[in-house]
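Reader: I have a chain open on my screen and would like to go through it with you. Could you start with a single residue and its surroundings?

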Amino acid sequence: MARQLLDLIIEGGWIVDGSGAPRRRADLGVAGARIAAIGDLASSPAARRVDASGKIVAPGFIDVHGHDDLMFVEKPGLEWKTSQGITTVVVGNCGVSGAPAPLPGNTAAALALLGETPLFADMAAYFEALESQRPMINVAALVGHANLRLAAMRDPAAQPTQAEQRAMERMLEAALDAGAVGFSTGLAYEPGGSARPPELAGLARVAAARGALHTSHIRNEGDAVEAAVDEVLAVGRETGCATVLSHHKCMMPRNWGKSAVTLASIDRARAGGVRVALDIYPYPGSSTILIPERAELIDIRITWSTPHPECAGRNLEDIAREWGCGKTEAARRLCPAGAIYFAMDENEVRRIFQHECCMVGSDGLPNDAHPHPRLWGSFTRVLGRYVREAQLMSLEAAVARMTALPASVFGLQGRGRLEEGAWADVAVFDADTVQDRATWESPTLPSVGVELVLVNGSPVFSAGPGRVRPGRVRPGRVLRRAAA
Ligand code: ZN
Ligand code: CU
């Protein structure tokens, strides 16, 4: 057999292939956008060779929970992804997505999570723009349920008429046929929170018929978290639609420990045949838009504010003291704004992560002036703190949760595993030093320990001199749902 000239050989590393199997010593050969060979490639001809001795060679990470929908236009470098080894992001989470655009006059505060770029008319237009823009990493997209409501309903705070329900279902069909992998709900936000079970079931049936899934920022992550989990599990059970519980957590000290109940509910649903998965970001604080009603309950740090941009990064308590008013009043004055809420138990986050179907989703908010550090550090934090320091699980098991598991949950074919013929999405990192550096105070510090990241065979990130430099062409692709 004539030996193919490989474009790149990553030599001498430990292959962690994404399946969870133990690491093995091998070279990895890339030809074009694909993995051409894994094995002893010492005598194979190649245009370039990179030494990865002692390093881990893994599939590129799949961030299952991103809000980068419009960043492909606004900040296409996506360094917060590539520097921690992420090669694919699923966007359109928490009920908000880059398309479809609202009817004139309709809006929702949660759309502020996305950025300033006008939304696209529909998913087909969004994907077209994305492709002509050339994303840095691969993108799979969910359609936001809030978008469907805002685009189909005259009064998005009301209940849909039959015609509006049908219109939402048709829009969802069109989005799935354009290649969206599913739809997301943000039941804790308006207008998604107005939805009742029949509306959600109607949409989930459309998704299930096409093999697509439903991800949910559930209605309540605090006092009523158990019922909120049961609500989305019921939608999955009734419709057969695969379900992902986004950024699962139990907020406020009085609710710490409730994950024992919610994870048991998930296990029961799975035992009954419902396809359920979940994700976490590895931090004890959450972040979203600023909600003044929470001001008295929890420690809050401001991430952005339209009327008071100078307050980004400051604690609400300090701002209120300086202004000589209460925290609720200060929060009202800061809105529209974003916030970090310190209301989770780190030990519980770690326990949830150990659930067998838990993935990692950064939930990063790249548009924030002083973002939650999860944007820059989620994946490296798992590898450094949860795997190396706390030894919650083997490195191989953790990598599987960042690669093969999400590829299978979201139906991303040829991704998430290192094997011959797969797309060459690769992360090379040092297991002894990989670590997040982003903190609450300095949230945009890049991670350390990630050495080289390939997307479809092309380097998008490399640490240190003398390595393969990122090219000028952005190599990411739109990952359309397989049947679309
Ligand atoms: Zn969310
Ligand atoms: Cu989110």
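Reader: Which residues does I280 touch, leaving out those up to four places away in sequence?
Author: I280 touches H247, H248, V349, I352, F353, C358, M359, V360, G361 and Y386, where a contact means heavy atoms within 4.5 Å. This is a predicted model, in which local features need pLDDT of at least 70, side-chain atom pairs count only at pLDDT 80 or more, and totals for chains, interfaces and linings use all residues. Residues are numbered from 1 along each chain as its sequence is written, chains are lettered from A and ligands numbered from 1 in the order in which they are written, and side-chain values use heavy atoms, with hydrogens and water left out.

Reader: Is I280 buried or exposed?
Author: I280 is buried, at a relative accessible area of 2%; buried means under 20%, exposed over 50% and partly exposed in between, with a 1.4 Å probe and protein chains only.

Reader: Where does I280 lie?
Author: I280 belongs to strand β12, residues 276-280. Strands (E, at least two residues) and helices (H or I, at least four) are DSSP runs numbered from the N terminus.

Reader: And how far apart are I280 and E238?
Author: They are 42 residues apart in sequence, and their C-alpha atoms are 25 Å apart in space.

Reader: Now T117. With which side chain does the side chain of T117 make a polar contact?
Author: The partner is the side chain of E74, at 2.5 Å. A polar contact is a pair of N or O atoms within 3.5 Å; within protein, one must be able to donate a hydrogen and the other to accept it, and residues adjacent in sequence count only if both atoms are side-chain atoms. T117 also touches L70 and V73, not counting residues up to four places away in sequence.

Reader: What part of the chain is that?
Author: T117 sits in the loop between β7 (86-91) and α3 (123-133), and with 17% relative accessibility T117 counts as buried.

Reader: Turning to helix α4, how many of its residues are buried?
Author: Eight of the eight residues of α4 (145-152) are buried, so the helix is largely enclosed by the rest of the structure.

Reader: Which elements do the buried residues of α4 pack against?
Author: They pack against β8 (138-144), α5 (162-178), β9 (182-186) and α6 (197-209).

Reader: Finally, what does the secondary structure of the whole chain come to?
Author: The chain has 14 helices and 19 strands. Buried residues make up 62% of its 484 residues.
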